[in-house]
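Here are my notes on this entry, as numbered points. Please read them with the model open.

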Amino acid sequence: MSRRARLALFAAAAAALAVTLGAGLAGLPSFGSQLTSYARLLNELAPRQRHVTDVVSAITFDYRGIDTLFEEFILLAAVAGISVLLRPLSDEVRELPEDKAPDRAIPPPSPAVWLLTVLLSSLLALTGLETVTHGVVTPGGGFQAGVILASALYVIYLGTNYRTVERYQPAPLLEASDGVGAFGYVVIGLLGLLAGDVFLSNVLGLGGTGNMIAGGTIAVLNLTVGLEVAGGFAILGSEFLDQTAVIRTKSRRR
Amino acid sequence: MSQAVIAVALVWVAASGTAVVLTRDPLQQAFVAGFFGLGLAFLYLSMQAGDVALSQIVVGAIALPLIVLLSLAKVRKGRE
Amino acid sequence: MSVLAYGVVAWLFLIGLYGVVTSRNLIHMVVCVSVAQSATDVLLLEIGYRTGGHAPVFVSLPAHPGPAVDALMQALALTDVVVGAAVTALLLAVAVQVHKRAGTLDPDELRATRE
Amino acid sequence: MTAVNLVVSTSAVIPASVAVPLGGAALMAGFSRFLPRLARDLIAIAVALATTALTLILTAASAGHPLIYWFSGWRPARGMVIGIDYAVGPLGAGMASLAGVLASAALVYCLRYFDSARGRHHALVLIFLAASVDFCLTGDLFNLFVAFELVAVTAFALTAYNAGHPAPLQGAINFAVTNSLGGMSVLMGVGFLYARTGSLNLAQIGQTLAGRHADALVVVAFALLTGGFLVKAAVVPFHFWLPDAYGSAPIPVCVLFAGVMSELGLFAVIRVWVTVFSGLDGGTGPRMRAVLLGLGILTAVIGAVMALAQVHLKRMLAFLTMSHLGIYLIGAGLLTPLGLAGASLLVIGDGLAKSALFLGVGVVQHQRASVSETRLHGAGRGLAVTGVTMALGALLLADLPPYVSSAGHGLLVDAAERAGLPWMELVVAFSVVASSGAVLRAAGRIWLGWGDGESPGPDTGTADDPGEESESEPGPASAEGAGGADSGQAERDRAGRRRRAPLVMVLPPLALLAIGLGLGLTSGIEEHATAAAAAFSDRAAYATAVLGTAPVPPAGGIAVPPSSVVSAGGVLTDLGQVLAALCVAAVALDRRSAGLRRALAAGTGWLRRLHSGLVGDQVTWLTAGLALLAALGAAALH
């Protein structure tokens with residue numbers, strides 16, 4: 001199709017789809033008027049049954065825990081896929097910028113920048129840890145915490161240089177964190193089976209409502225997700241960073 | 001009151017979403033997309049969805065713009 | 001209010017599609033996909049919203065605090081945000097490789113799969 | 001006592017069928033760098049085989065009545081579903097077993113295929129398998145969406161595995177963009193249904209909608225859900241991504257794609273139709289049948305014609321796959337247990353045979369560094385076993401008895417006749433003959449040296465994608481930078497290239513065909529399939545099993561046609577199809593029929609131009625398709 005023909009067809013199709021969506025959306029109950037009895041039930045049951053205050057966490061990790069298990073593997077698969085896609089191919093080399101011009105060494109960061117970097121990254125790390133441990137109490141949980149933890153690594157890059165990042169993020173450790181987190185979710189699910197109950201059933205003590213350590217497996221699953229996401233996003237970032245910073249295509253004539 | 005906040009957030013999201021699509025230069029688009037991501041987070045917050053808003057901030061306003069920028073850096077470097 | 005709320009959903013989805021169809025740059029296109037994707041999250045949260053409802057977090061509230069909004073739709077939207085992030089990142093990685101291997105980011109100039 | 005044991009064991013088998021592949025994948029992703037290559041391969045194969053065994057157990061155990069499993073132990077309370085269930089029936093579990101078999105075959109084949117991307121393809125294949133199992137077993141609409149996305153994400157990554165070449169990357173882009181948009185369509189449909197029914201459970205949504213009249217919201221929800229799944233099922237006009245992805249993905253990945261992935265999309269269409277929408281008031285069945293059959297016929301015919309027009313072997317098989325998907329949609333779209341049973345047997349038999357064909361092409365590619373039919377003219381000497389595999393696979397796809405596809409074909413034709421559509425047999429026969437004829441033509445040219453070789457004539461069709469031919473070379477294109485030991489292996493591979501194809505590449509396709517043959521020879525396979533399909537098609541029984549507390553009595557009194565009646569006329573039809581496919585191949589290879597070929601090429605030129613491979617075009621068609629489906633849905637349901 002020519003670009004013009006495509007646009008014409010799209011305009012017609014989009015108009016028809018707009019009518020379709022409009023008809024469907026018009027059939028919805030008016031905005032803010034409905035709360036399904038399922039939602040009411042969960043809001044009522046979750047704090048009592050699971051001793052959590054954040055109902056979303058209870059749904060994510062308990063009532064619909066199997067969804068989240070697969071969601072974790074979506075992330076794991078995406079990270080594995082990105083590692084595959086961005087791996088150094090045979091016509092590419094890894095070289096640090098310094099290797100190219102050894103006489104032009106990059107100056108080490110000034111002490112003030114160092115201090116700021118350490119402060120900011122520790123702050124992020126603490127925020128991440130706070131978020132993951134309070135998953136059952138307040139909004140936020142393993143996923144958000146994982147991303148925050150991973151971003152702490154990138155503050156180090158901003159403040160220093162690529163070598164430092166490579167030193168502080170050993171790839172095997174990140175991969176292991178990614179894998180252990182995902183595996184941990186499966187294992188906790190299997191613990192339910194081993195305890196003679198069903199997959200992903202709560203086998204731990206529920207603790208007191210509002211307490212940080214409450215909700216039984218919900219809290220532990222939050223931790224595994226945090227581990228997985230932190231590792232995953234750190235790998236993800238480092239793969240893209242590698243492409244920009246150190247991977248070069250060998251010069252060759254086509 | 002809360003309705004008005006939601007309405008403002010909805011308009012913000014619709015306008016910035018349109019801007020994201022119509023900004024054809026990817027570098028500029030990355031920044032507009034960050035603004036759109038913040039708008040979404042604000043909308044979710046105004047609809048009492050704290051968990052989703054937090055996710056949206058870490059993903060839509062931090063992680064994805066960062067990756068887009070890194071991709072652009074790679075692509076531009078290749079062009080030189 | 002309903003018209004505005006639900007209209008935004010349809011608008012975001014369609015404008016995202018428009019961006020994908022007309023894009024001349026893969027990175028731009030990927031961001032447009034994520035715009036269309038955000039329409040689904042907005043829809044889910046709007047379905048779960050209850051006027052005057054508070055967040056489904058039951059910390060230090062009076063004994064009968066009135067209705068909370070739908071936590072279930074929030075959990076679904078949460079999952080969808082992660083899914084969207086994963087797909088977007090993967091697509092960007094493909095785009096970077098396409099640029100390296102095909103020398104262009106214009107989707108209309110990619111001819112390796114052309115019939 | 002034994003009954004109790006069986007209950008206990010199956011209730012552990014159900015979660016294990018996803019936990020085992022997921023756990024294996026997580027370990028593979030996290031620790032593969034500490035394992036030697038052979039250990040990674042063997043562990044991955046063992047995990048895939050174990051998953052296959054688990055799903056086979058489920059297929060057998062769920063034969064009488066569905067097995068319901070509530071995760072985290074959340075059974076329905078106060079008449080309301082609060083958790084997520086797996087509703088295991090023989091049809092879904094059988095589909096999952098097929099995924100397991102094909103994943104195992106692909107992993108065995110990988111022993112000599114992939115480079116050392118540090119075992120990450122193992123993780124991806126195992127996650128793909130787990131997602132397929134979840135897709136087949138889940139009883140929850142949102143969980144179905146999650147499985148849809150997980151299948152998609154692993155599949156995008158696997159498509160682009162050979163990241164050093166443009167074609168797979170572009171295939172991955174087209175695939176990922178269209179399927180992501182399909183996923184969004186599904187999710188919006190989920191949202192609509194939740195807003196209406198207050199539930200995400202298939203059975204409960206169906207119960208709530210049952211007996212009601214379909215209004216605009218329900219129609220739109222139907223269109224969005226079905227449209228999204230049809231993107232994955234690659235049904236016209238949602239199919240444009242399929243040849244780009246299947247034609248450029250690595251061979252072992254094609255095996256998974258052609259055998260199960262698109263079939264999962266069809267599975268979801270029928271499952272959602274039966275459990276959610278079929279109870280709607282107003283006699284919607286016949287009109288819905290017309291919609292599904294129309295889409296199926298278009299897909300079957302266009303796929304077959306396009307397959308004939310290809311000389312790129314993988315694209316040819318991709319269009320063949322698409323044509324077959326159309327046939328399955330015809331079978332399932334009849335909306336009778338008999339038609340669904342026929343489609344199911346065809347999915348199994350054809351899935352095995354198509355995978356064998358892809359694996360055969362992989363051997364040729366590995367040994368001869370080309371996938372162009374014309375460039376390979378006469379190049380098959382020395383690869384006799386693979387030649388036999390290809391020819392046999394094509395004949396079996398044309399329903400040569402006693403292969404299991406033949407049984408499926410018989411059931412499908414019978415179902416069409418009972419539905420008052422005897423001409424449907426001709427549509428199916430045309431599609432099967434044309435697509436199998438294309439493969440036989442290629443086999444004749446490559447192994448027997450018949451017909452013309454590479455020629456600049458107008459009938460040459462698609463040129464080979466530059467660069468794609470060498471994709472399977474373990475060395476130059478895609479070796480991991482640090483893989484010193486593996487590049488040594490690659491050197492040895494290249495030195496031995498002309499000697500003999502490795503056994504782990506030659507044997508898996510034959511093993512797959514043997515499985516299909518064994519199933520075809522199993523007595524009563526038609527009855528089993530029909531019973532499974534009848535259970536799958538019974539909305540009320542499904543709802544009772546999921547929501548009710550009382551066990552459902554085993555479904556009895558299903559009219560299963562005596563198999564002798566089916567096979568009497570069926571064998572002749574099948575043999576006729578096989579002969580016709582051979583004739584198509586012979587005519588296509590005959591030098592005297594050049595004029596005919598030119599006419600055909602000219603006549604199908606517009607069709608080929610539509611398959612532009614441009615993602616912008618594909619999304620435009622997707623948009624149009626969704627709108628069209630909504631219009632058809634409104635006509636059928638309203």
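1. Which residues touch the most other members of the largest nonpolar core? They are C:L90, C:V94 and D:I127, in a core of 414 residues. Such a core is a set of buried Ala, Val, Leu, Ile, Met, Phe, Trp, Tyr and Cys residues joined through C-beta atoms within 7 Å. A residue is buried if 20 or more other C-beta atoms lie within 10 Å of its own, exposed if 12 or fewer, and partly exposed in between, with C-beta atoms placed from the backbone. Helix α3 (residues 71-102) of chain C gives the largest share of this core, 22 residues.

2. A word on conventions. This is a predicted model, in which local features need pLDDT of at least 70 and side-chain atom pairs count only at pLDDT 80 or more, while totals for chains, interfaces and linings use all residues. Residues are numbered from 1 along each chain as its sequence is written, and chains are lettered from A and ligands numbered from 1 in the order in which they are written. Helices (H or I, at least four residues) and strands (E, at least two) are DSSP runs, numbered from the N terminus.

3. Helix α3(C) deserves a look. Of its 32 residues, 31 are buried. C:G103 follows the helix, with a positive phi near 75°.

4. Contact here means C-beta atoms, placed from the backbone, within 7 Å.

5. Next, chain A against chain D. The contact joins 61 residues of chain A to 68 of chain D. On the chain A side, α1 (3-26), α2 (37-50), α3 (55-63), α4 (65-85) and α9 (171-194) each give two or more residues. α4(A) gives the most, 15 residues. By class, this side has 39 nonpolar, twelve polar and ten charged residues. Ala, Val, Leu, Ile, Met, Phe, Trp, Tyr, Cys and Pro count as nonpolar, Asp, Glu, Lys and Arg as charged, and the others, Gly among them, as polar.

6. Chain A also meets chain C. Here 46 residues of chain A are in contact with 42 of chain C. α1, α2, α3, α4 and α10 (217-245) of chain A each supply at least two residues. The chain A side divides into 27 nonpolar, 14 polar and five charged residues.

7. Chain D has 24 helices and two strands. Of its 638 residues, 67% are buried. Among its contacts between residues at least 6 apart in sequence, 84% join residues at least 24 apart.

8. What of the strands? β1 (residues 67-70) and β2 of chain D run antiparallel, joined by four bridges; a pair needs at least two DSSP bridges. D:L67 stands opposite D:V88. In β2 (residues 85-88), D:D85 and D:A87 on one side and D:Y86 and D:V88 on the other are all buried.

9. Last, the domains of chain D. The bounds come from an automatic or database assignment: domain 1 (8-138), domain 2 (158-282 + 615-638) and domain 3 (300-462 + 501-527 + 566-589). The centres of domains 1 and 2, over C-alpha atoms, are 23 Å apart.

Methods: Two residues are in contact if their C-beta atoms, placed from the backbone, lie within 7 Å.
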